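Let's take a walk through a protein model together, one stop at a time. Have the picture handy and follow along.

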Amino acid sequence: MEKLNKVRSEDIIKGDVIFQNYFAEIFELLKRNKMNYPVKERLTLKNGKPKIENVLFYAQTYDRISENDVSHFMSFTPQLINDLSLKHEYVTSNLPQEVPKGFYKGNGYVIVGGGKYSWFALLGIETLRKVGSKLPVEVILPDTEDYEFEFCDQILPSLNARCVEMNTVFGKQNLKRFDIAGYQYKSFALLASTFENAYLLDSDTFPVNNPDDLFESDLYKNYHMITFPDFWRRTTSPLYYKIAGIPVGDKQVRHLNDFWTNPKYYWTKDNEVPYHGFPYHDREGTLPDWTTESGEMLINKNFHYKTLWCW
């Protein structure tokens with residue numbers, strides 16, 4: 001551990017063996033505990049993302065997605081639930097509780113590049129500078145082939161940005177343990193970035209105001225993480241909470257993103273039985289509606305280090 005604590009940010013992006021070996025053990029833990037019972041609806045991929053055929057529309061705030069509704073959007077076998085419950089508990093119990101000292105320092109933006117996404121990233125970085133952002137940016141390259149001398153060594157430095165090669169950070173052989181694609185790069189990009197306070201931006205995200213102030217906001221100081229709502233309603237299965245060991249209560253504690261109005265004012269004669277009458281994700285212990293946009297997130301990696309591995 002003493003050697004690990006001596007590894008610094010600049011060592012990481014150059015390919016530090018101690019850092020790579022540390023992550024190799026975590027990768028092995030995850031690999032050994034992969035899911036044994038794949039979900040049929042999630043097997044077909046398109047551009048690295050599951051291809052979902054049945055899209056349902058709950059467009060109005062009064063559309064009540066009850067426990068019964070979210071329980072039937074997808075089907076899960078008892079074997080899968082038992083398998084994931086055991087493995088989730090084992091993995092979360094054996095993940096490192098704290099990030100070693102020296103790994104991550106400072107504030108900055110993290111963008112996944114590579115191929116056309118490097119071009120998108122450049123446009124996003126230029127937009128950051130136009131709205132007044134001064135913080136550095138790291139463009140994470142998934143593959144060695146994504147490195148371009150002009151882009152990484154001539155253009156980005158003039159914008160207070162630089163390339164970070166994922167294969168160099170983690171070691172090519174370590175990354176071969178996983179078939180990473182699409183949105184899966186985001187969590188690995190955050191782990192590969194050298195920033196402690198990292199603002200993850202999708203490569204096609206363009207700010208309209210300077211986001212630098214969020215790093216110093218009271219909201220961030222209180223929670224060490226800021227996420228943003230997505231367009232979609234939350235349809236997380238109740239079985240997720242069972243697998244993760246998160247207790248869900250029977251009481252309504254909010255209505256969508258309204259955390260202030262007393263829930264009793266949402267009751268009608270039609271939902272006198274609260275367990276079934278209001279949206280499942282208005283219940284205590286659940287994640288609130290709406291869903292969370294994964295393309296923008298500000299997170300303190302030292303404070304929420306374990307969270308990055310479970311994302």
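This is a predicted model: local features need pLDDT of at least 70, side-chain atom pairs count only at pLDDT 80 or more; totals for chains, interfaces and linings use all residues.

Residues are numbered from 1 along each chain as its sequence is written, and side-chain values use heavy atoms, with hydrogens and water left out.

Now find Tyr117, which counts as partly exposed because its relative accessibility is 40%. Phe120 is partly exposed too, at 28%. Both sit in helix 6 (residues 116-130), three residues apart, or about one turn of the helix. Helices here are DSSP runs of H or I with at least four residues, strands are runs of E with at least two, and both are numbered from the N terminus. Why does that spacing matter? An α-helix has 3.6 residues a turn, so residues three or four places apart point the same way.

Next, look at rings. Those of Phe, Tyr and Trp (its six-membered ring) pair if their centres lie within 6.5 Å; planes under 30 degrees apart are stacked, over 60 edge-to-face, and the rest tilted. That rule gives 22 aromatic pairs. One of them is Tyr117 with Phe120: their ring centres are 5.8 Å apart and their planes meet at 80°, so this pair is edge-to-face. Elsewhere, ring pairs link Phe19, Tyr22, Phe23, Phe27, Phe103, Tyr104, Phe170, Phe188 and Trp309 into a cluster.

Back to helix 6, whose buried residues include Ala121, Leu122, Ile125 and Leu128. The helix's buried residues pack against strands 3, 4, 5 and 6 and helix 7, where contact means heavy atoms within 4.5 Å. Just past the helix, Gly132 takes a positive phi of about 105°.

Two of those neighbours bring us to the last stop. A disulfide (a pair of cysteine sulfur atoms within 2.5 Å) joins Cys152 to Cys163, with an S to S distance of 2.1 Å. Cys152 lies in helix 7 and Cys163 in strand 5, so the bond ties together parts that are eleven residues apart in sequence. The torsion about the S-S bond of Cys152 and Cys163 is about -80°, so the disulfide is left-handed. Are these two cysteines buried or exposed? Both Cys152 and Cys163 are buried.

Definitions and conventions:
Buried means under 20% relative accessible area, exposed over 50%, partly exposed in between (1.4 Å probe, protein chains only).
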